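I opened the model to look at its core first, then the chain as a whole. My entries follow the structure.

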Amino acid sequence: MTTAVLDAAAKLIAEDGYDSVTVARISKLADVHPTSIYRRWQTLNNILAEAVYNIVEDDAPIPDTGDARTDLIQFCQTLRDFMGTAVGQSLARQAIEPVDSDDMAERRREFWQKRFTAAGTIIHRGIENGQIRRDIDPGQVLGLVTAPLHLEVLLDEAQEPVNIEANVGIIWRAIASSE
């Protein structure tokens, strides 16, 4: 049941965006009774948050090449590719829209916290293997390397595409260990 519901939610998000997804539509597509869905997830926001996190985890995995700089570049390239999809564009736009409930605001915080924690492993590995300074905050680095990509999507190609290698290179010079 879980897979069917999350797959249905993901499909509806990709086809029609977040605002058009309802438990009734998920129920019909997944062939799962709405009561069963509510028993498992309690709210539509909980379903959407889990579905989106699973999509991102599958479509934009965290690389582990053994080299933190290469991992940051690959992470950004994968993120750009993902944000070129319907789900990625919808997620990027939804991330800046005001939310009308505390529940949705909490789901959004949880999503980004999980994603930054997962991606932060790139920085932690770089610190552990001596490539990155020990005083570096993984969240700050990830914000710096990903913000231009999010802006690229939000501006809808109104600017030149971000040169990922150059962007990571600039940030790398600030975070690299001198060891």
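I looked up the largest nonpolar core of this predicted model and found 52 residues in it. I took a nonpolar core as a set of buried Ala, Val, Leu, Ile, Met, Phe, Trp, Tyr and Cys residues joined through side-chain atoms within 4.5 Å. Ile 26 and Leu 72 have the most contacts inside this core. Helix H5, residues 68–83, gives the most to the core, with eight residues.

I then listed the partners of Ile 26, leaving out residues up to four places away in sequence. Ile 26 touches Val 5, Ala 8, Ala 9, Leu 12, Val 21, Ile 37, Leu 44 and Ile 47, where contact means heavy atoms within 4.5 Å.

Next I checked the secondary structure. I found nine helices and zero strands in the protein chain; helices are DSSP runs of H or I with at least four residues, strands are E runs of at least two, and both are numbered from the N terminus.

I noted the overall figures. The C-alpha trace spans about 60 × 35 × 30 Å along its principal axes. Of the 179 residues, 42% are buried, meaning under 20% relative accessible area with a 1.4 Å probe, protein chains only. Among contacts with a separation of 6 or more, 65% are between residues 24 or more positions apart.

For the record, residues are numbered from 1 along each chain as its sequence is written, and side-chain values use heavy atoms, without hydrogens and water. The model is predicted, with local features needing pLDDT of at least 70 and side-chain atom pairs counting only at pLDDT 80 or more, while totals for chains, interfaces and linings use all residues.

Note on methods:
Buried < 20%, exposed > 50% of the residue type's maximum accessible area, 1.4 Å probe, protein only.
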